[in-house]
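Colleague: I would like to go through this model one feature at a time. Please give me the general idea first, then the case at hand.

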Amino acid sequence: MSHLLHDYQLRLRKRSQQPVPSVSATYVNQLLSLFPKKMEKRKAPLIEPLTGKEMIILSMLAEGASNKKIADELGNTLGTVKVYLHRIYGKLGVTNRTQALLKAQEISLLENSPVD
């Protein structure tokens, strides 16, 4: 056992005595110059993406549709639409339709058209 430990210690010493490759400051600066000076703020993606149906409902909200109109057009009950809205609000981290539309525009889920 002590023989193995001795061999290990010898290998460690040899490694520490080997020259470490250096990188010049000029090279580092050249690499850094390839990146934009100021990274644009990126919107955090949703933890869970909206489903196709949720996206349809969100775009109907953006058009000003009421819950009743959404239910009628999609062939759902009013209660089902409310469940979908609750899920959309949760995924967007908001509590109402106005906040949902603003958040959706902010993260580019909807075009930046004014909210009516």
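Modeller: We start with burial, because a residue is called buried when its relative accessible area is under 20%. This is a predicted model, and the terms below apply to it as such.

Colleague: Which residues of α3 are buried?

Modeller: In α3, burial is found at Glu-54, Ile-57, Leu-58, Met-60 and Leu-61. Their directions span an arc of only 160 degrees around the axis, so they lie on the same side of α3. The partners of these buried residues are α4, α5 and α6. After α3 comes Gly-64, with a positive phi near 90 degrees.

Colleague: What is the overall secondary structure of the protein?

Modeller: There are 6 helices and 0 strands. Along the sequence the pattern reads α-α-α-α-α-α. Of the 116 residues in the protein, 22% are buried. Among contacts with a separation of 6 or more, 48% join residues 24 or more positions apart.

Colleague: How should I read the packing of two helices?

Modeller: The description of two packed helices consists of the angle between their axes and the distance between the axes. For α3 and α5, the angle is about 90 degrees and the axes are 10 Å apart. An angle of 65 to 115 degrees counts as roughly perpendicular, and α3 is therefore roughly perpendicular to α5.

Colleague: Which residues make the contact between α3 and α5?

Modeller: From α3 they are Lys-53, Glu-54, Ile-57, Leu-58 and Leu-61, and from α5 they are Tyr-84, Leu-85, Arg-87, Ile-88 and Lys-91. Sorted by class, the contact of α3 with α5 has 6 nonpolar, no polar and 4 charged residues.

Colleague: At what angle do α3 and α6 cross?

Modeller: The axes of α3 (residues 52-62) and α6 (residues 97-106) cross at roughly 105 degrees and come within 10 Å. The two helices are therefore roughly perpendicular to each other. On the α3 side the contact involves Leu-58, Leu-61 and Ala-62, and on the α6 side Arg-97, Ala-100, Leu-101 and Ala-104. By class, the contact of α3 with α6 has 6 nonpolar, no polar and 1 charged residues. Leu-58 and Leu-61 also belong to the contact of α3 with α5.

Colleague: Which residues of α6 are buried?

Modeller: Ala-100, Leu-101, Ala-104 and Gln-105 are buried in α6. Their arc around the axis is only 130 degrees, which puts them on the same side of α6. The buried residues of α6 pack against α3 and α5 (78-92).

Colleague: What should I look at around the ends of α6?

Modeller: At the start of α6, a side-chain oxygen of Asn-96 comes to within 3.1 Å of the backbone nitrogen of Thr-98. After α6 comes Ser-108, with a positive phi near 65 degrees. Ser-108 has this positive phi although it is not a glycine. In the segment after α6, Ser-108 counts as exposed, at 62% relative accessibility.

Colleague: One side chain remains. Which side chain makes a polar contact with that of Asn-67?

Modeller: The general idea is a pair of N or O atoms within 3.5 Å, one able to donate a hydrogen and the other to accept it. Here the side chain of Asn-67 has such a contact with the side chain of Arg-97, at 2.3 Å. Asn-67 sits in helix α4 (residues 67-74) and has a relative accessible area of 19%, so Asn-67 is buried. Leaving aside residues up to four places away in sequence, Asn-67 touches Leu-78, Val-81, Lys-82, Leu-85 and Arg-97. Arg-97 is also one of the α6 residues that meet α3.

Note on methods
Residues numbered from 1 in each chain as written. Predicted model: local features only at pLDDT ≥ 70, side-chain atom pairs only at ≥ 80, totals over all residues. Heavy atoms only, no water. Helix = DSSP H or I, 4+ residues; strand = E, 2+ residues; numbered from the N terminus. Buried < 20%, exposed > 50% of the residue type's maximum accessible area, 1.4 Å probe, protein only. Contact = heavy atoms within 4.5 Å. Axes fitted to C-alpha atoms, helices over the stretch in contact; angles between N-to-C directions. Parallel < 35°, antiparallel > 145°, perpendicular 65-115°, else oblique. Nonpolar A, V, L, I, M, F, W, Y, C, P; charged D, E, K, R; others polar. Arc of directions from axis to C-beta.
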